[in-house]
Amino acid sequence: MALHIHDTLRGKKVKFTPRKKGEVRMYVCGPTVYDLAHIGNARPVVVFDVFTRLLRWLYPKVTYVRNITDVDDKINAAAKETGESIQAITERATKIFHDDMAVLGNLPPDHEPRATQHIDAMIELVAKLLESGNAYEAPGEAKGHVLFSVPSMPDYGKLSKLKRDDLVAGARVEVAPYKQDPADFVLWKPSPIEDDLPGWDSPWGRGRPGWHLECSVMSEKFLGPEFDIHGGGQDLIFPHHENEIAQSTCTGGFAFAKYWMHNGYLMAEGEKMSKSLGNFYTVHELLDEFPGEAIRLALLKTHYRQPLDFTKDGLAEAKRELDGFYGALRGVDASAEAGQETPDIIEAMSDDLNTPLALSHLHELAGYLNKAEGGQKPEAASRLLSAARLLGLLGQDPEAWFKGEASEGGLDDATIDALIAERDRTRENKEFKRGDEIRDQLEAQGILLEDGAQGTTWKRK
């Protein structure tokens with residue numbers, strides 16, 4: 001089945017053809033590790049995790065690289081504000097990011113390079129850009145700065161489709177007097193020891209790389225100078241990805257990434273996410289209220305290229321939908337098996353990762369399972385599980401999903417089962433008042449009972 005994706009560079013949906021038959025290489029921009037990841041940071045992780053699952057279904061070899069930015073002025077500012085070391089901040093933020101993304105059901109990338117591990121290669125790239133005439137050293141008091149010369153790149157702006165004035169305004173950087181052109185961007189900047197900033201020795205003095213440099217270097221290290229797909233959030237199109245193209249294509253005639261994919265913006269509760277508005281949600285905080293799988297489902301219900309209004313009501317609805325899926329699977333002996341995925345799911349996913357349509361097919365499979373009888377149920381459940389696996393959903397045991405973990409001071413599983421057994425006995429003895437008391441007692445503890453033909457099951461609210 002042919003895969004079609006929306007390519008930002010061409011501005012339209014196109015048929016995907018990898019550079020090398022049977023092999024796909026993809027690079028996605030990862031987090032800057034200075035604070036907890038917010039829900040907007042999680043969206044590209046989930047989107048490209050699902051896309052990687054699809055690629056691995058379609059192609060025999062897939063290499064997925066996502067970086068960690070651990071040298072950045074935001075990290076420096078956090079260290080200055082808190083008094084913590086840069087290493088302590090980046091190590092803690094990276095660990096929490098990994099833990100939170102795993103709870104959302106994301107698989108780790110094949111490679112996850114850190115910027116600080118590739119400084120020497122960044123220095124080498126800057127030297128090549130100077131030699132080719134695409135970069136220059138700032139003079140006088142600005143000595144130690146090395147900048148990319150945007151006028152040296154005739155087709156600069158081809159990814160973002162921005163006009164000249166928009167390029168300068170959109171760069172969101174100071175138009176410094178040492179720039180030969182207002183649109184020029186920093187490749188290397190000084191880090192005086194007295195300023196207590198991270199720095200590395202270079203031909204231009206002690207300094208640190210500009211933000212855009214790392215992805216050009218690390219993508220080439222792990223995927224080569226020409227690879228298939230570069231992904232990230234829409235906010236990275238300009239200036240970050242535009243600048244990556246400039247850096248990576250000026251020194252050797254390489255084409256860099258063949259396709260560019262970007263997920264849309266995220267809002268929260270109908271407005272731009274902001275701490276002052278009280279709608280700023282970190283993944284870590286949301287996990288105190290909602291299961292990670294509900295967060296994942298809520299992110300997938302909107303097409304990845306569309307703006308997403310993320311709300312807690314939407315999370316609650318996603319939790320109810322998952323209750324329905326897991327309810328259909330409850331008590332059925334089945335497992336996800338390769339080859340059980342339905343053509344409808346694959347077709348939807350292959351059409352520019354149409355997850356809303358794929359989810360509608362998932363609901364159809366759950367409905368079929370609910371109606372199936374006897375020996376039909378295991379096969380129907382396997383089809384549902386196999387299809388859900390492409391989306392990174394329904395990976396838990398249904399009983400574990402409904403029962404979860406007891407809250408502090410709450411009833412444990414054994415106590416609940418004992419009370420249900422007592423309730424069964426009282427009902428057999430027609431002691432219905434006591435049976436109702438037990439139901440009310442459990443409900444007060446957040447335990448809901450469901451009586452069915454196979455007996456009584458329970459779940460935590």
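This is a predicted model: local features need pLDDT of at least 70, side-chain atom pairs count only at pLDDT 80 or more; totals for chains, interfaces and linings use all residues.
Q: What makes helix α6 (residues 213-223) "largely enclosed by the rest of the structure"?
A: A residue counts as buried when its relative accessible area is under 20%. In α6, 8 of the 11 residues are buried, and the helix is therefore described as largely enclosed. These buried residues are Leu213, Glu214, Cys215, Ser216, Val217, Met218, Ser219 and Leu223.

Q: How do you know that the length of helix α12 (residues 355-371) agrees with what its residues should span?
A: The expected span is 1.5 Å times one less than the number of residues. For the 17 residues of α12 this gives 24 Å, and because the end C-alpha atoms are 24 Å apart, the two values agree.

Q: Why are the buried residues of α12 said to line one face of the helix?
A: The buried residues are Thr355, Ala358, Leu359, His361, Leu362, Leu365, Ala366 and Leu369. Viewed down the helix axis, they fall within an arc of 160 degrees, and they therefore line one face of α12.

Q: Why is the pair of Phe148 and Phe185 called stacked?
A: Two rings pair if their centres lie within 6.5 Å, and planes under 30 degrees apart count as stacked.

Q: How do you know whether Phe148 and Phe185 are buried or exposed?
A: The limit for a buried residue is under 20% relative accessible area. Phe148 has 0%, so it is buried. Phe185 has 6%, so it also counts as buried.

Q: What makes the pair of Tyr326 and Trp401 stacked?
A: The ring centres are 4.8 Å apart and the planes lie at 20 degrees, so the pair is stacked. This pair also links distant parts of the chain: Tyr326 is in helix α10 (residues 312-329) and Trp401 is in helix α14 (residues 398-403), 75 residues apart. Tyr326 counts as buried because its relative accessibility is 0%, and Trp401 because its value is 8%.

Q: How many aromatic pairs does the rule for ring centres give?
A: The count comes to 9 aromatic pairs. Among the aromatic residues, Phe16, Tyr59 and Tyr259 form one cluster.

Q: What places Arg383 over the face of Tyr368?
A: The distance limit is 6 Å from the ring centre, with a further limit of 35 degrees from the ring normal. Arg383 lies over the face of Tyr368, at 5.9 Å from the ring centre.

Q: Why does Leu286 count as buried?
A: Its relative accessibility is 2%, so Leu286 falls under the 20% limit. Leu286 belongs to helix α8 (residues 283-286).

Q: What makes β3 and β4 paired strands, and in which sense do they pair?
A: At least two bridges are needed for strands to pair. Strand β3 (residues 23-28) and β4 have 6 bridges, in the parallel sense. Val24 stands opposite Val62 in β4.

Q: Which elements make a β-α-β unit, and of which hand is it?
A: The unit consists of β3, helix α1 (residues 39-58) and β4, and it is right-handed.

Q: How do you know that strand β4 (residues 61-66) is mostly covered?
A: In β4, 5 of the 6 residues are buried.

Methods: Residues are numbered from 1 along each chain as its sequence is written. Side-chain values use heavy atoms; hydrogens and water are left out. Buried means under 20% relative accessible area, exposed over 50%, partly exposed in between (1.4 Å probe, protein chains only). Helices (H or I, at least four residues) and strands (E, at least two) are DSSP runs, numbered from the N terminus. A crossover is right-handed if, with the strands pointing away from the viewer, the path from the first strand over the helix to the second runs clockwise. Rings of Phe, Tyr and Trp (its six-membered ring) pair if their centres lie within 6.5 Å; planes under 30 degrees apart count as stacked, over 60 as edge-to-face and the rest as tilted. The arc is that of the directions from the helix axis to the C-beta atoms.
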